[in-house]
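Please keep the sequence and the model at hand while reading.

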Amino acid sequence: MLAASAGLGSYLLPFAASGSASVGPLQGKRVGIIGLDTSHSIAFTKELNNPSPNPDWAGYRLVAAYPKGSNDIETSVKRIPGYIEEVKKLGVEIADSIDDLLRKVDVVMLETNDGRLHREQVAKVFAAGKRVFIDKPIAASLTDAIAIFDLAKKKNIPVFSASSLRYIKGIDSIDKSLVVGADTYSPAVLEKTHPDLFWYGIHGVETLFTAMGTGCQSVTRVHTPDTDIVIGTWSDGRVGTFRGTRTGKHEYGGTVYTKNGNVTLGPYAGYNPLLKDIIHFFETGETPVKPEETIELFAFMEAADESKRQGGVAVSLASVLKKAQKS
């Protein structure tokens, strides 16, 4: 294992420039969705196709959807027929394939709930030269997440991914330069097809990184059937923790510790703050979340899995990044 002090710069450097690709305004505002196996697709469609749309949506409208999502995650598969009917009532055309969808739209929201499919799906979007937002999780492995950003850079197509919990209430009032630590929490329901935290724990992990920023060096994980606690140590000595729950009432929140006092996060702010950033991204090509931060966030979750496998020892992010980049 690499020492925590080795730093992550050499592993994250290849992604640092990809956020500035193809910056500039678009000629069209037709939005397409890939994946009708998540409630996110319905929420975004209702907003964009509202008869009295929010001015923040800048005239963008959902015009087409390719419904195919997960093949084998039951909770996702069973949603698709009903969601097809819902979006059709909102004026959305159902495409026969991703290629068919790409001929009808200017930008894409990749909403498929199953992160295992994202690498293959987004490759078609990049080939068509379309800007794309990828909903969480960007992938079901750290290797695939790295590959997606690498391909985006090669194709010179801007892309970003985020959980809506990046915009939890209270987070926008924090001066990040004053943050000395943070504790966040969210549900961490497990899905056998994805690494433990990639499926749902990612929400609280994203909140943690939104508060703390990049620079995490190593993590230690405490795991029980009901709870996960992941302790991250940052390069400047700060400590951030994530608590993932699988019992009791599911809530999102946390505490951010600053030089001027503590800030309580929560409750959840809904999808609209994220959608506002998505529209700005479509309009400008400017990525609200840089690739290196998303890669580090996924390395944090992968290191937490490795810590669990090793009985709770500290695992460096550099070590899991090195392994993933060799895969």
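The points below are grouped by topic, moving from the whole chain to single residues.

The model is a predicted one, and it holds twelve helices and 13 strands. With a radius of gyration of 19 Å, close to the 20 Å that the globule rule gives for 327 residues, the protein is as compact as a globular protein of that length.

**Overall fold**

- The C-alpha trace of the protein spans about 50 × 40 × 40 Å when it is laid along its principal axes.
- Of the 327 residues in the protein, 55% are buried, a class that takes in residues with under 20% relative accessible area.
- Among the contacts in the protein with a separation of 6 or more, 77% are between residues 24 or more positions apart.

**The largest pocket**

- The volume of the largest pocket is about 280 Å³, and its lining is made up of 15 residues, with Ser 39, His 40, Arg 79, Lys 136 and Tyr 200 lying nearest its centre.
- By class, the lining of the largest pocket consists of six nonpolar, seven polar and two charged residues.

**The second largest pocket**

- The second largest pocket has a volume of about 200 Å³, and of the 14 residues that line it, Glu 302, Arg 309, Val 320, Lys 323 and Ala 324 are the closest to its centre.
- Two or more residues of this lining are given by each of the elements α7 (142–155), α11 and α12, and α12 has the largest share, with four residues.
- The lining of the second largest pocket divides into five nonpolar, five polar and four charged residues.

**The cavity**

- The model contains one cavity of 30 Å³ or more, and about 30 Å³ of space lies in this largest cavity.
- Its lining is formed by Lys 136, Pro 137, Ile 138, Ser 161, Ala 162, Ile 202, Glu 206, Thr 294, Leu 297 and Phe 298, of which six are nonpolar, two polar and two charged.
- The elements β6 (159–162), α9 (202–212) and α11 (291–309) each give two or more residues to the lining of the largest cavity, and the largest share, three residues, comes from α11.

**Thr 210 in helix α9**

- Thr 210 is found in helix α9, and it counts as buried because its relative accessible area is 8%, where the class requires a value under 20%.
- The side chains of Thr 210 and Arg 166 are joined by a polar contact of 3.5 Å.
- When residues up to four places away in sequence are left out, Thr 210 touches Arg 166, Ile 171, Lys 176 and Glu 293.

**Ser 319 in helix α12**

- Ser 319 has its place in helix α12 (residues 317–326), the element with the largest share in the lining of the second largest pocket.
- With a relative accessible area of 18%, Ser 319 is buried, since the class covers values under 20%.
- Ser 319 and Ile 278 are separated by 41 residues in sequence, and their C-alpha atoms are 32 Å apart in space.

Notes
Residues are numbered from 1 along each chain as its sequence is written. This is a predicted model: local features need pLDDT of at least 70, side-chain atom pairs count only at pLDDT 80 or more; totals for chains, interfaces and linings use all residues. Side-chain values use heavy atoms; hydrogens and water are left out. On a 1 Å grid over the protein atoms alone, a cavity is a set of points where a 1.4 Å probe fits but cannot get out, and a pocket is an open set with protein on both sides within 12 Å along at least five of seven lines; lining residues have an atom within 4 Å of a point. Grid points are joined across faces, edges and corners, and a volume is the space filled by probe spheres set on the points. Ala, Val, Leu, Ile, Met, Phe, Trp, Tyr, Cys and Pro count as nonpolar, Asp, Glu, Lys and Arg as charged, and the others, Gly among them, as polar. Buried means under 20% relative accessible area, exposed over 50%, partly exposed in between (1.4 Å probe, protein chains only). A polar contact is a pair of N or O atoms within 3.5 Å; within protein, one must be able to donate a hydrogen and the other to accept it, and residues adjacent in sequence count only if both atoms are side-chain atoms. Contact means heavy atoms within 4.5 Å. The radius of gyration is taken over C-alpha atoms; the globule rule is 2.2 Å times the number of residues to the power 0.38.
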